[in-house]
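Work through the exercises below with the structure open. Try each task before you read its solution.

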Amino acid sequence: MRATVRIAVFLISISVLLPLAARAQGNADFHRAIPSFKIAGNLYYVGTADLAVYLVTTPQGNILINSDYKQDIPTIRKSIEDLGFKYADTKIILISHAHGDHDEGVGVIKSDTGAKLMVMDADVASVESTAQGRPGAKVDRVLHDRDAVELGGAKLTARLTPGHTPGCTTWTMQVADGGRTLNAVIVGSPNVNPGYILVNNKNYPQIAGDYVKTFALLKSLPVDLFLGAHGAYFNLKEKLPKMTAGGANPFIDSDGYKAYVAEREQAFEKELAKQSADAHAGNGVGFDIAWNHVALSVPNIAESIAWYEKMLGFKGTVRGGQPNPNARQIVADLRRGDITIELFQVAGAAPLPDSRKNPSEDFRTHGVKHFGFEVKNLPAVLAELKAKGVQIALDMRDAPTERFAFISDNAGNAIELIEHKAAR
Ligand SMILES: [Zn+2]
Ligand SMILES: [Zn+2]
């Protein structure tokens, strides 16, 4: 029976995606200072709790990877000095990619220290841009995939890992540490941010192919020290306490790296599949459609408005103002958000047959069967509705990816309430 019920036609779908503006501008860890520390050899962490900044020290001055936001520069400077190094000795500044959380401060660091700014070719225009939030900093050396950045015996290799930005850069270096040589990888970013367009992207047509190349490259790199542009990429929060406790270096984590890259690749593939399906949904049809409304014929329009207002939070409006009780037909609209239900009260209309009031029974007759609303916490929604006296037509069923139930409105129409378990 469950299978029958699952053949549900969702006449109304409600987007549960957060609007772009609601996305957090980062989190509390972005600007929170943490003690700087040695990762291995001449490689140090001098970033905030999440925005990673790396210092590579050499006898001829130091290399800094990432600047974070302008407001984080005093924190980075203190982190460098706490380790006994000089901010003024910064000779080269590099970035993970041209987003403000990693590059906004590069111009300030350049003018503070005289460091040379080196940026991957495809991110240069963005770094030099003076648009809002961009550093507007002159790039001294344009980098290409596999270019080496060398200073005082240290050598970093720039690997182009595009997608997140066209010039997104993963830095690799070999770190001599206690007689060993460790392969360090500082991941630029494999993330598909909310709102990123992977299919038919006018400004960045090759974006999806770039991500594919990036994952292939990331999987090919030898990795001992797993690092990245954000502490969250490599679990800085969990690993740092282990570092200070002594014992094995927690940043030596090639298994963690492999799992991270695999998980990020899956997330990319899932998003690409979703966007491809959406893009192809209208193939062969020369027009767009959007959901508009569902219509119900009801015995008493005032009672139906009262029910939908009380139980589901709709607002009802009778068309043409006060209904004439002698009218052959009264029409009303119920609205909540972008959902519209049209109501008709027609003189002499026959009542809904009993067989149509039971969803399982109703499937035995062809035709439109019910409409559905997405909810967040179905058990809580049902508890509230039961307390208000709503009739339950089919109690909650738990499926692997969703749970659902059916209620009846005051006229016996079946309404499905569904909660998808996976986010998005
Ligand atoms: Zn970014
Ligand atoms: Zn970032």
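## Exercise 1: A buried pair

E419 and R403 form a salt bridge, with 2.9 Å between the closest N and O atoms. The model is predicted: local features need pLDDT of at least 70, side-chain atom pairs count only at pLDDT 80 or more, and totals for chains, interfaces and linings use all residues. Residues are numbered from 1 along each chain as its sequence is written, and side-chain values use heavy atoms, with hydrogens and water left out.

Task: Which strands do E419 and R403 lie in?

Solution: 
1. Recall the term: a salt bridge is a side-chain nitrogen of Lys or Arg within 4 Å of a carboxyl oxygen of Asp or Glu.
2. E419 lies in strand β20 (residues 414-420). R403 lies in strand β19 (residues 402-408). Strands (E, at least two residues) and helices (H or I, at least four) are DSSP runs, numbered from the N terminus.
3. Buried means under 20% relative accessible area, exposed over 50%, partly exposed in between (1.4 Å probe, protein chains only).

## Exercise 2: Other salt bridges

Task: How many salt bridges does the structure hold? Where do R319 and E342 lie?

Solution: 
1. The structure holds 22 salt bridges.
2. One of them joins R319 to E342, at 2.8 Å between the closest N and O atoms. R319 sits in the loop between β14 (315-318) and β15 (329-336), and E342 in strand β16 (residues 339-346), 23 residues apart.
3. R319 is partly exposed at 44%, whereas E342 is buried at 12%.
4. E309 and K315 also meet in a salt bridge (3.5 Å, N to O). E309 is partly exposed at 31%. K315 is exposed at 54%.
5. D29, R32 and K237 are linked in a network of salt bridges.

## Exercise 3: Helix α9

Task: Which residues of α9 are buried?

Solution: 
1. Helix α9 (residues 301-312) has 12 residues. From first C-alpha to last it reaches 16 Å, close to the expected 16 Å. The expected span is 1.5 Å times one less than the number of residues.
2. The buried residues are I301, S304, I305, W307, Y308, M311 and L312.
3. Seen down the axis of α9, these fall within an arc of 160°, so they line one face of the helix. The arc is that of the directions from the helix axis to the C-beta atoms.
4. After α9 comes G313, whose phi is positive, near 75°.

Definitions and conventions. Chains are lettered from A and ligands numbered from 1 in the order in which they are written.
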